[in-house]
Amino acid sequence: AEAGTSEEPRDPSPKEFVYGEEDFIMPGTGWEDEPGSVPSRFDRALLESWDDRMEQGLFRYRLGPLPTRVLPGPLRLVAQLNVQRGTERRPPQPVRSLRQPFDPTAFNFTRLRPGELLLRLRRVARAGGRGCPGEPDPLLVAINASPLERGHVLLLPDPSRGLPQALTAPVLLGGLEAALLSAHPGFHLGFNGLGGYASVNHLHLHGLYVSRPLPVEAAPAQTLCPRHRLWLLLRGVPAPAFLFYATGPADLEAVARDVCRAAEHIVDTGLAYNVFITRGEPPEGAGTGAGRGLRVLLWARRPSFGSKASEDFNVALCELAGHLPLPAAPLYRDITEEEALRTIHEHLLPEPELLRLGEDLARLLAG
């Protein structure tokens, strides 16, 4: 997550993007090669402005089509070769604590140049003057200057607030709503916490388009606390996760609040966390007759402080979800599902510890 380095752009002002619930697209419209796949107003605004900034040279490298393959194996992990991100991205900030305060002297998003800002997302007031205590934070959409894919962006609350990289319910709610503004089924959002390979300690979400389905979108889950929409994804995914599920816009505020309460508890226990937002099947899995909703995955993991040169790739939100951006051609060519899972699982909790944490979270949310 970082800024670029080039000259000031021609039009430095982010475009206002005002939206309401009528702009939400719950199921998505299909993959790009499927009939009926039409980008939304949000998709068009984001991708057109992103492409414009690429043409202006605001990124650290020019991103062309990336080699992509599905690894053989039951999980169908998606591997993607991105050599330039591995060599040209800004070195991540040193993270030494799960509750590291914001440091205004380190790189942060107040240093973004105006041209790196694409959109300013703002929710219209609720119809009929109906107030809502859980209004989303307005979010700025900025380029990630070392992109994983076309359309890779950062979503930021007001940078001048100097918030550290600890998820808040209003910011997460804004991210959940942004997910529903896209018609693309592979538009995902996510969050890397401190100790979970966050590279900048200034509150931000990632948003990116992935070209193939991921295993976390359909794997069935077991119930932990149904009243608070909490399940456990234990099988059929690269990394077991706590799953929160929204069937529609009316669930988003409660899901955002519960995810953040659970994340705070995870940090209290000395663990790091990552979050991933995707459209997906109901927790019971496909074939239940219910339509697709919004899945929010919360991973508890052992903290990673500093980089580990022995690893082939860092294990952050994309890798945990089954999307593997890889920095070297031999690794991309040769990696197997078994090898990828071995690296991912080094950061995870043993299953008995995960199940105990799940029981604690169920009690916390039910209390």
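Student: In what order do the 3 strands of the open sheet stand, and what is their pairing?

Tutor: Strands of a sheet pair through backbone hydrogen bonds, either parallel or antiparallel. Here the order is E2-E3-E14, and the pairing is mixed; strands (E, at least two residues) and helices (H or I, at least four) are DSSP runs numbered from the N terminus, and two strands pair if DSSP finds at least two bridges between them. Strand E2 (68-70) and strand E14 (323-326) stand at the edges with a single partner strand each, so one side of each is left without a neighbour in the sheet. Strand E3 (residues 78-81) runs parallel to E14 and is joined to it by 4 bridges, and the partner of Val 78 in E14 is His 323. This is a predicted model, in which local features need pLDDT of at least 70 and side-chain atom pairs count only at pLDDT 80 or more, while totals for chains, interfaces and linings use all residues. Residues are numbered from 1 along each chain as its sequence is written, and side-chain values use heavy atoms, with hydrogens and water left out.

Student: Which residues of helix H7 are buried?

Tutor: Buried means under 20% relative accessible area, exposed over 50%, and partly exposed in between (1.4 Å probe, protein chains only). In helix H7 (residues 337-345), the buried residues are Glu 337, Ala 340, Leu 341, Thr 343 and Ile 344. They cover an arc of only 160 degrees around the axis (taken from the directions from the axis to the C-beta atoms), which puts them on the same side of H7. What covers them includes helix H5 (317-321) and E14, where contact means heavy atoms within 4.5 Å.

Student: How many salt bridges does the structure hold?

Tutor: The structure holds 19, each being a side-chain nitrogen of Lys or Arg within 4 Å of a carboxyl oxygen of Asp or Glu. In one of them, Glu 177 meets Arg 123, the closest N and O atoms being 3.1 Å apart. Glu 177 lies in helix H3 (residues 169-181) and Arg 123 in strand E4, so the pair ties together parts that are 54 residues apart in sequence. Both Glu 177 and Arg 123 are buried.

Student: Where do Arg 363 and Asp 360 lie?

Tutor: Both lie in helix H8 (residues 351-366), 3 residues apart, about one turn of the helix. Arg 363 counts as exposed at 53% relative accessibility, whereas Asp 360, at 30%, is partly exposed.
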